[in-house]
Each structure stands twice: as structure tokens, then as C-alpha cells.
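Hi,

Here is the structure we talked about, with my notes below it. Have a look at the model, then read on.

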Amino acid sequence: MSYGEQIVARCRELARVSEDEGRLTRRYATPAMQRANTLVGAWMRDAGMTARLDAAGNLVGRRPGLGGPEAGTLLLGSHLDTVRDAGAFDGPLGVVLAIALVDRLRGERASLPFALDVLGFADEEGLRFGTAYLGSRAVAGTFDDALFDVRDDDGSTVRGALIAFGGDPRGVPDAARGRDGERILGYVEVHMEQGPVLEDRGVPVGVVSGIAGATRVEVRFTGQAGHAGTVPMRLRRDTAPAVAEMVLACEDAARSTEGLLATVGKMDVRPGAPNVVAGLGIAFLDVRHANDRIRADAVASLHQTADAIAARRGLGMEWDVRLDNPAVAVDDDLTARLEAAAAARGVDAPRIPSGAGHDAVAMAALCPVAMLFVRCAGGLSHHPDEDVAPADAEAALDVLYDMVRGLA
């Protein structure tokens with residue numbers, strides 16, 4: 001079996017580790033994530049690495065370098081959590097491919113002066129708690145303790161979930177890298193493209209030119225629940241129409257602003273019965289743009305819209321910013337090295353901006369970052385039909401291998 005075939009097969013094997021029957025869902029600090037860490041940790045050890053969990057729940061595999069601590073550490077990886085009803089490759093591809101790189105280095109008895117750490121981040125998607133980058137923010141040293149009190153839909157806090165998972169909230173600061181003089185050379189993430197550009201151009205890999213900024217907000221409208229058959233329309237404090245207005249306001253903002261993306265991908269009205277006026281309405285907003293000023297202006301305008309909706313309908317309104325990440329510039333040197341490695345393999349890898357967020361967003365606060373995109377079938381992502389060809393996984397491995405060897 002080639003490395004490309006092994007990478008794809010392992011991603012599909014990992015996709016069978018889920019908390020939902022019949023579909024892939026793997027959230028932060030769940031038993032499914034524990035099983036995933038066990039499986040991927042075994043692959044790390046098979047490749048000659050040590051494997052451990054840090055206090056935030058991230059899986060960390062290590063290959064020591066020959067040069068000692070002063071030679072530093074290069075970080076590789078991606079995330080092991082998923083969206084709901086996910087595909088096999090979004091996130092795990094970057095972890096499994098990095099493990100294959102370490103195994104290939106071992107098989108070829110290739111030495112490196114610096115250490116390699118492969119990181120399987122515990123929370124990038126933010127599915128469980130409505131935030132994101134819990135894992136990579138801990139590694140980057142930017143984890144905000146206020147996040148410990150965020151609750152999921154079942155009322156569990158991040159703190160409680162992490163303790164139940166076997167992590168240690170008090171030890172999360174110790175998960176930060178680059179402390180006590182540790183030299184971090186950079187972070188390189190391989191990820192499926194999640195778009196159609198590479199397929200359209202007929203090339204297996206591309207190099208990320210930058211990552212759009214993103215804001216994620218939970219908007220909560222509070223009204224009064226009541227009987228659908230007895231409360232007159234003019235006396236209602238119904239939150240469901242307020243949520244609907246918010247959804248359309250996001251769409252209008254994005255359609256009227258070049259390059260802006262605004263999405264309400266999750267919403268809820270409670271108590272959630274067909275014959276009850278909704279007393280609570282919740283909408284999760286996701287707003288993205290490559291220009292931080294344009295994104296900030298759009299978010300501010302949507303906040304004003306939410307205020308106006310609430311005032312007009314006699315509702316309370318809470319605006320809770322769960323995520324606010326600026327656009328991220330990739331490192332020129334690491335990016336050029338990826339391009340050169342692709343060119344040496346005969347691949348004209350285009351530069352592609354990323355509209356999706358990645359763990360590299362959080363890691364940029366710690367060290368230089370770069371990303372390599374891999375072609376995916378139909379540009380499909382966040383969908384069970386995600387697919388990456390073994391030949392393309394092999395091509396990405398070749399590029400990453402040459403780039404890492406070139407750093408030695």
C-alpha cells in the first residue's frame with residue numbers, strides 16, 4: 001500500500017469513530033474524541049513517535065531531533081474534531097498525513113536537527129460550545145479563562161467537559177508552547193481545500209496565501225412564551241420572527257458587500273412546540289472577510305440591526321461574541337518553501353486565499369504559519385461525501401517531505 005492509499009484509508013477508518021450512529025460527529029471532550037485519540041495515538045507510536053494528551057485535550061506526537069532543544073521544534077498537524085454529519089478528511093487529513101511524513105523519515109533513516117511535533121487539535125470546529133480553536137488557542141498561549149464557563153446545549157461547561165475528559169483546566173496554561181525558551185520554528189498545516197479551485201486548475205496541491213478573518217456571535221432574543229391559539233398577534237413577544245429577521249439581515253449584508261460572507265448555520269427557538277409562541281430565540285452568526293475593517297463594520301451593523309429588531313418587537317437581546325479572529329497572513333519564507341517543493345516535483349501550485357478558518361489562525365499568535373491545500377472532489381466539504389484521491393494525498397506528502405528536509 002502506498003502512503004497515499006494509507007493516508008486515505010486511515011482517514012476513512014477514523015471516520016467510523018463517531019458519537020452518532022450512521023453519521024460522523026465528533027465533538028470536543030467526548031467519548032468519541034477519546035476513541036479517536038487512542039486510534040491516532042497508536043498510529044503515532046507505530047511511526048516511532050511518543051504520544052500524549054496535553055491538559056487541553058490535544059493529542060501530541062513527538063519525533064526528537066538530533067540537534068537538541070536549541071535546534072527547535074517544527075509543528076505539524078490539524079484538528080480531529082468534526083462538524084455534525086461530517087466527511088472523513090476535513091481536519092484528520094492533516095494529522096494523518098503528518099504521521100505518514102514521520103514514518104517516511106524513519107523508513108528512509110532521514111535525520112533532522114530539529115524535532116517534529118504532530119498535533120491533533122481537540123476543537124477547531126467549535127460544534128459543541130459554539131466557539132472554536134479551544135485546542136490550538138491553548139497551544140498558542142491565547143486561551144481565555146472565560147471560555148471555561150461557556151456551556152453547551154446540555155448545560156455542561158467547558159471546564160466540566162474537560163475534567164470529565166481527563167484534562168486539567170488548571171494545567172491549560174502549561175499546554176502553551178514556546179515558553180521557558182522553547183524555540184518553535186513554525187507551524188505547517190496540510191488541509192483539504194474545501195473549494196473547487198484546485199480541481200478546476202487540474203493540480204493536486206495549492207499554497208495558502210492568507211486566511212480570512214472571522215467573527216462568530218450568539219444572538220439571543222428573549223420574549224414571552226404563550227399559547228399559539230390564545231395570544232393575539234398584536235400582544236405577542238415572539239422570538240421566532242426575530243430570528244428569521246436576523247437570518248435575512250445576514251444574507252442582505254453579505255449580498256450587498258463585496259467579499260463578505262455571513263451565515264446563520266445554527267438557530268433555535270424554545271420551548272420548541274408547534275402550538276407554543278417562542279419565548280427564546282437563538283441565532284449563531286458567522287461573518288468573514290479578508291479585510292478586517294470591512295468585517296468589523298459588518299458585525300457592528302448587524303449588532304445595530306439586532307438591537308432594532310428587539311426594540312421593535314419588545315424583546316430582550318443579548319449579543320455574545322464567541323470568536324473574533326483577525327485575518328491571518330502566512331509566513332513568506334515557509335510559504336515560499338512549500339511553493340519551491342511543489343515546483344521541484346513538477347507541480348505549479350497556485351496561491352489560494354482561505355475563506356475557511358483553520359488552526360493556523362490561532363497558531364499565528366505563537367509562530368510563523370503556512371498551509372498546503374489538497375484537491376478535493378467537487379470542492380465538497382462539511383459533507384459526508386468529502387473525498388481526496390490517494391494520488392493527491394501522496395503528492396501533498398511529497399511536497400511536505402521535501403519542504404521539511406529543506407529546513408534541515
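Let's start with the cysteines. Cys 11 is buried, with a relative accessible area of 0%; buried here means under 20% relative accessible area, exposed over 50%, and partly exposed in between, using a 1.4 Å probe and protein chains only. Cys 376 is buried as well, at 1%. Neither is in a disulfide: the cysteine sulfur nearest to that of Cys 11 belongs to Cys 376, 13 Å away, and for Cys 376 the nearest is that of Cys 11.

Before I go on, some housekeeping. This is a predicted model, so local features need pLDDT of at least 70 and side-chain atom pairs count only at pLDDT 80 or more, while totals for chains, interfaces and linings use all residues. Residues are numbered from 1 along each chain as its sequence is written, and side-chain values use heavy atoms, with hydrogens and water left out.

Arg 295, Ala 298, Val 299, Leu 302, Ala 306, Ile 309 and Ala 310 are buried in α8. They cover an arc of only 115 degrees around the axis, so they sit on the same side of α8; the arc is taken from the directions from the helix axis to the C-beta atoms. That buried set packs against β7, α7, β11 and β12 (contact means heavy atoms within 4.5 Å). Exposed on the other side are Arg 293, Gln 304, Ala 311 and Arg 312. At the N-terminal end, Asn 291 caps α8, with a side-chain oxygen 2.9 Å from the backbone nitrogen of Arg 293; a polar contact is a pair of N or O atoms within 3.5 Å, where within protein one must be able to donate a hydrogen and the other to accept it, and residues adjacent in sequence count only if both atoms are side-chain atoms.

Last, Thr 82, in the loop between β3 and α3. Thr 82 is buried at 2% relative accessibility, and a polar atom of its side chain lies 2.8 Å from the backbone nitrogen of Arg 26.

Cheers

Notes. Helices (H or I, at least four residues) and strands (E, at least two) are DSSP runs, numbered from the N terminus. A disulfide is a pair of cysteine sulfur atoms within 2.5 Å.
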